[in-house]
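Please consult the sequence and the structure while reading.

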Amino acid sequence: MNSTFLPSRRAFCLGAGAALLGMSTTTAFAKSHEERLAELETYAEMYGSLPNEQFPIPAVDLSKIDPVFLRKFGDYETDELPGTVIVNTANRVLFLTLPEGKAIRYGVGIGRDGFSWSGRAIIHHKKAWPTWTPPAEMIEREPELEEWRNGMPPSLENPLGARALYIFQDGRDTLYRLHGTGQPETIGKAVSSGCVRLLHQDVIDLYNRVPDNTPIVVL
């Protein structure tokens with residue numbers, strides 16, 4: 001699949017755009033003091049606290065995440081139709097394609113071994129503040145999870161976080177999810193047990209934009 005992402009100037013934050021395009025971060029820091037302050041304010045609002053959630057979500061500590069993985073809107077060249085979710089595990093990013101050659105890009109964390117499959121699937125359904133049930137094979141590897149064999153109630157400590165999007169392929173649950181996390185330091189890294197994690201604020205944004213049966217492409 002052919003795809004190129006060109007974030008808009010307004011979406012850059014502290015050199016993130018420059019890093020994406022292969023430029024030096026020194027060039028990006030040549031922006032005016034006023035421009036940098038405006039960008040910081042934008043991201044502070046985007047990743048601010050969400051006190052009205054079922055479990056109030058604190059603001060993201062932006063010092064713990066590489067700014068290249070913060071949410072951005074920009075031009076995106078792809079053969080996929082608007083409304084498609086594209087997960088690029090190599091680059092640790094997820095795109096939601098939009099009309100007129102645009103896309104929203106989110107930074108993600110992936111499984112230690114990445115996805116065990118690639119290709120096309122669908123987001124079969126979504127849940128807010130989901131129950132997490134570890135697969136039997138995970139309990140075998142980590143016996144301390146036995147207490148959650150029948151499900152861990154929703155909370156900020158629940159591994160699925162504020163939202164979960166359930167991925168099915170050929171009519172079957174892959175057991176992989178797109179889900180939230182309150183650990184910004186894990187975004188851009190391969191640390192989970194296989195699922196794709198987004199910051200709570202980002203997964204809520206994505207959750208609100210995509211309906212059930214949204215196509216997803218895993219690279």
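Rings of Phe, Tyr and Trp (its six-membered ring) are taken to pair if their centres lie within 6.5 Å; planes under 30 degrees apart count as stacked, over 60 as edge-to-face and the rest as tilted. The structure holds three aromatic pairs. The rings of Phe-55 and Trp-129 have centres 4.9 Å apart and planes at 65 degrees, so this pair is edge-to-face. It links distant parts of the chain, 74 residues apart: Phe-55 is in the loop between α3 (33-46) and β2 (72-78), and Trp-129 in the loop between β7 (119-128) and α4 (136-141). Helices (H or I, at least four residues) and strands (E, at least two) are DSSP runs, numbered from the N terminus.

This is a predicted model, in which local features need pLDDT of at least 70 and side-chain atom pairs count only at pLDDT 80 or more, while totals for chains, interfaces and linings use all residues. Residues are numbered from 1 along each chain as its sequence is written, and side-chain values use heavy atoms, with hydrogens and water left out.

Burial is expressed as relative accessible area: buried means under 20%, exposed over 50%, and partly exposed in between (1.4 Å probe, protein chains only). Phe-55 is partly exposed at 24%, whereas Trp-129 is buried at 6%. In another pair, the rings of Tyr-76 and Phe-95 are stacked, because their centres are 4.4 Å apart and their planes at 15 degrees. Tyr-76 belongs to strand β2 and Phe-95 to strand β4, so the pair ties together parts that are 19 residues apart in sequence. Tyr-76 is buried at 4%, and Phe-95 is buried at 7%.

Strand β4 (residues 93-98) is mostly covered, with five of its six residues buried. Two strands pair if DSSP finds at least two bridges between them. Strand β3 (residues 85-88) runs antiparallel to β4 and is joined to it by four bridges; here Val-87 stands opposite Leu-94. Strand β5 (residues 102-107) also pairs with β4 in the antiparallel sense, over six bridges, and Leu-94 stands opposite Tyr-106 of β5.

Which residues does Arg-163 touch, leaving aside those up to four places away in sequence? With contact meaning heavy atoms within 4.5 Å, they include Lys-127, Trp-129 and Tyr-207. Arg-163 is found in strand β8 (residues 163-169) and is buried, with a relative accessible area of 8%.
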